[in-house]
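Subject: Structure handover

Hello,

The structure you asked about is below. Please open it next to this email and follow along as you read.

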Amino acid sequence: MRNITLFLAFVILSSAGCLDSLKEDLISCENKVGECRYEILQSSKYSKLHIEIDYVSGYEPSSDALDLLRQRINEVTDKTSVTFSQESFGSTDTSYSLEEMLEIENSQRTKFKKGDEFVIHILYLNGEFEDNENALGIAYKGSSFAMFKENIEDSAFLFISAEDIEKAVLVHEYGHLLGLVNMGYTSPHDHEDPDHPHHSNNEESVMYWAVESQDFYNQLDGEPPNNFDSYDLDDLSLMKQGKL
Ligand SMILES: [Zn+2]
């Protein structure tokens, strides 16, 4: 019932047109993964994108991985600027629940969407995710995801470097914020894995489920993919154009 009330309020305020800030308080995309896809993909409202990273001391992001994320962002959006900031913090924890991640984000995050700039927040953590010790990353809010850097480092083997894995996980979690696959929209392409909801059924897509799991070496030949496939890209393009 509450949802219906909010929906009606949204419709009324949308048609009023001049109450954007009030509308944002009522309907925030931040609460659900995939809901901020239009804010991130389209440039009409937010022409700039900022990525704020808070990392546990000693587990900072790889600069090459961040360069690749910037490249992937530029490939699917028309933002006039994509900027990054990063800050470290101390932690004695080694296993993080979703509640703890939300608390850490609350205490560490300094930037939120404002004016023409949208902000994505990334937590880089030591240790593991309490609910799934194999997780290499997890998207948990509309504009936020976490990277399990220590697990990523532990997953490196033979010719697959921790940096190769970090690149793939970073783009994968960013893809979830964009709604991939079928989060809040329905793709015209049959590319969602029925056994792993919201993931691609193509193991050459960065959205393949095993990319964010330490199981990937059992599931993939060679290094994990760090690029969207043609179906992912078509979904993103349609969403950017407002057709999906
Ligand atoms: Zn995933």
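Helix 5 (residues 98-108) lies across strand 1, strand 2, strand 4, strand 6 and strand 7 (144-148), where contact means heavy atoms within 4.5 Å. Helix 5 runs at about 70° to strand 6. Such angles run from 0 to 180 degrees between N-to-C directions, and the axes are lines fitted to C-alpha atoms, for helices over the stretch in contact. Helix 7 lies across strand 4, strand 6 and strand 7, at about 160° to strand 7.

Before going on, note that this is a predicted model, in which local features need pLDDT of at least 70 and side-chain atom pairs count only at pLDDT 80 or more, while totals for chains, interfaces and linings use all residues. Residues are numbered from 1 along each chain as its sequence is written, and side-chain values use heavy atoms, with hydrogens and water left out.

The protein has 9 helices and 7 strands. These are DSSP runs numbered from the N terminus: helices are H or I with at least four residues, strands are E with at least two.

Five strands form an open sheet in the order 2-1-4-7-6, with mixed pairing; two strands pair if DSSP finds at least two bridges between them. Strand 2 (81-89) and strand 6 (137-141) are at the edges with a single partner strand each, so one side of each has no neighbour in the sheet. On average, neighbouring strands of this sheet are turned by 20° against each other, direction ignored.

Strand 1 (residues 48-56) pairs in the parallel sense with strand 4 (residues 117-125) over 8 bridges, and Leu49 stands opposite Phe118 in strand 4. Strand 1 also pairs with strand 2 in the parallel sense, over 9 bridges; there Tyr55 stands opposite Ser88 in strand 2.

Rings of Phe, Tyr and Trp (its six-membered ring) pair if their centres lie within 6.5 Å; planes under 30 degrees apart count as stacked, over 60 as edge-to-face and the rest as tilted. Tyr46 and Phe118 are edge-to-face, at 5.4 Å centre to centre with 70° between the planes. Tyr46 lies in the loop between helix 3 (37-41) and strand 1, and Phe118 in strand 4, so the pair ties together parts 72 residues apart in sequence. Tyr46 is buried at a relative accessible area of 3%, and Phe118 is buried at 0%.

Which residues coordinate the zinc ion? The donors are His172 (NE2), His176 (NE2), His199 (NE2), Glu212 (OE) and Glu212 (OE), at 2.0 to 2.8 Å. Donors are N, O and S atoms within 2.8 Å of the metal (3.2 Å for Na, K and Ca); water is not among the atoms, so sites may look incomplete. In sequence the donor residues are spaced H-x3-H-x22-H-x12-E. His176 lies in helix 7 (residues 162-177) and His199 in the loop between helix 7 and helix 8 (216-219), so the pair ties together parts 23 residues apart in sequence. His176 and His199 are buried.

Finally, the protein has 244 residues, of which 49% count as buried.

Regards

Conventions: Buried means under 20% relative accessible area, exposed over 50%, partly exposed in between (1.4 Å probe, protein chains only).
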